Amino acid sequence: MPMADSSSSGVLTAVDLGGSRRQGVARLLGRDWAGGFLFSLPMLIVLFGFVAYPFFSAIWLSMTNKMIGTEGVFVGLANYQKLLASTDFRQIALNSGVYTFGSVAVKLVVGMTAAVVLHEGLRPRNLWRMLLFLPWSIPVVIGAYTWRWIYDDLSGVLSQTLIQTGLVDHYIYWLANKALTMGSIIAVVVWQGTPFYIMNFLAGLAAIPQELYEAAEVDGAGAIRKFFDITLPSMVPVIIIVTLLSTIWTSNNMQIVFVLTHGGPQGVSEIYPFTSFKYAIELKQLAMGAAVPLMFFPFMAVIIYFLTRRMLQED
Amino acid sequence: MRRSRRKTVITILVMAGLLLWAVFPFYWMLVTSIKTNDEIYGPVAAIIPTTFTTQHWRELFTRTAFVVQFRNSLIISGSTTLLSMAIGSLGAYAVARLQFAGRTIAARSLIYSYLVPPAVLFIPLFQLMSSLGLLNSLQGLIISYLTFTVPFCTWLLVGYFKTVPVELEEAALVDGCNRLTTLVRITLPLSAPALVVVALFSFTLSWNEFLYALVFNQDANTRPVTAGLTAMAVEDVFFWGRMMAAAALGSLPPIILYTAAQRYVVRGLTLGAVKG
């Protein structure tokens, strides 16, 4: 608690500098400048020292050839050029796109379905809500390991149950079969992330005035028309925020890929945050590792720009 | 009449499917942790276990660093929570109530910081922690976790502080309180629900973090539970019984917290950006 010993008068007003000078300072820096700066100092240390400074040093780092244990020298945009020229990079960009937009799209549909069904009733609603929320509440990495075990080639419950029930006659390699890998990964991302959508959509649904539905019923609207004419349009603001936040979080999260496939087989599930980790930590090429996520940052920045505008609107 | 019954049937079926999908992995986690290895690696995945053993749980406690890592997780998450509540309350009070140059910039940098992805930050933070001598330390992770808890906590509290009647604070100031005692005696008690949300999310977000812990703390004895799990697979050989026991226990604190504070959860999910 850095504030605990700040003297009381110093916090409330500026140090006594004599009437006119104090007014001048107050006009320049704001009425509560001393308190304002003192109170926000710890926060600013975190924001600037541990977020902004590292962010800009990542940009600098990406323009050097630094490796763990060696001093880097400035190489300009060489790392970016190297990345752009490699065929792997095209594959990684494609993977990242499929992974992110596939996951977000499925989460949106499943989340909306679950929210509407939950909203309909079926007591005890709180119990169902709590159970559906479980996958989101635990560490992502724990969920991922549990799924890796469920997907296991020979001993996994998924393959074995399908064989026992006679639905298939051979083991299914959920993660090793290149045709299935990305789908299996997305299924886990959806499992983990959908509760976030459900909770927010439930809050959105609860805010829609009941009269709208009653009026539509008088007009003879069925369940499907009510959903598209009333529910969906009223939910647009919630949907936008949830989707944008989820896009940022999903695309930057390498945990599920790290645990399930480590980017394999043969790179079919390698997404860019994992590539960055691979370069920086496994290959010790810090500069290349820093360049990878920054290549995708312009795309991220557009989303951040829109989100920030929306979140600041309420001010 | 017929139509509404059909609707009910569909509703129940969809719900049952969703619930099964959401809950089954947890069931499987628990069941695996008490099966014998013969059954775990046998040709039949028995949904209801036919064997029982405490072997995996005993091994988890005696042969792995799990106990130390669980303690590390508690220390890291607890400290991060207390620090971010203190830093967040002060910062939020300044942004919500005080007039000073740079206030708007401070407010904006909160949102930007909240949205800068860890995928961009983990390499420069690794270097920073390395030069501060904080690799393989709990302090290093606590500081790193503040990068996402402080923006979150502060922003949420700014929104809440603005709903506290300013007249109450002015009365306290007239009665001789300074800004700090006003914050502690008036604003914070009136913001109790927001403080619960902030504490809940700081603790669970820290508990669940993986990337920084994996990269900054290579030494098993300084790792929290999440990064510690990776050591239970050696060269693609998994000790699934032990791993699932660790998974179950590592999931427990966030599950308990989210369940106990369920009604506070929605408010924190999108930083209060979605109004319920």
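Chain A of this predicted model comes out with 15 helices and zero strands; helices here are DSSP runs of H or I with at least four residues, strands are runs of E with at least two, and both are numbered from the N terminus. Chain A is more spread out than a compact globule, because its radius of gyration is 26 Å, well over the 20 Å that the globule rule gives for 315 residues. That radius is taken over C-alpha atoms, and the rule is 2.2 Å times the number of residues to the power 0.38. Along the principal axes, the C-alpha atoms of chain A fill a box of roughly 90 × 70 × 35 Å.

As for burial, 41% of the 315 residues of chain A count as buried, meaning that 20 or more other C-beta atoms, placed from the backbone, lie within 10 Å of a residue's own. Among contacts in chain A with a separation of 6 or more, 64% link residues 24 or more positions apart; a contact needs C-beta atoms, placed from the backbone, within 7 Å of each other.

One helix pair in chain A is worth a look. Helix α10 (residues 210–218) of chain A packs on helix α11 (residues 223–252) of chain A at an angle of about 140 degrees, with the axes 11 Å apart. Axes are lines fitted to C-alpha atoms over the stretch in contact, and angles run from 0 to 180 degrees between N-to-C directions. On the α10(A) side sit L212(A), Y213(A) and A216(A), which meet K226(A), D229(A) and I230(A) of α11(A). By class, that makes four nonpolar, no polar and two charged residues, where Ala, Val, Leu, Ile, Met, Phe, Trp, Tyr, Cys and Pro are nonpolar, Asp, Glu, Lys and Arg are charged, and the others, Gly among them, are polar.

Next, the two chains together. Their contact takes 91 residues from chain A and 82 from chain B. On the chain B side, the largest share, 15 residues, comes from α1(B). That side has 62 nonpolar, 17 polar and three charged residues.

Chain B itself is divided into domain 1 (2–53) and domain 2 (65–269), with bounds from an automatic or database domain assignment. The C-alpha centres of these two domains of chain B lie 34 Å apart. Seven residues of domain 1 of chain B are in contact with six of domain 2 of chain B. Four of the domain 1 residues, the largest share, come from α1(B).

Residues are numbered from 1 along each chain as its sequence is written, and chains are lettered from A and ligands numbered from 1 in written order. Local features need pLDDT of at least 70 and side-chain atom pairs count only at pLDDT 80 or more, while totals for chains, interfaces and linings use all residues.

Definitions and conventions:
Contact = placed C-beta atoms within 7 Å. Buried ≥ 20, exposed ≤ 12 C-beta atoms within 10 Å, placed from the backbone.
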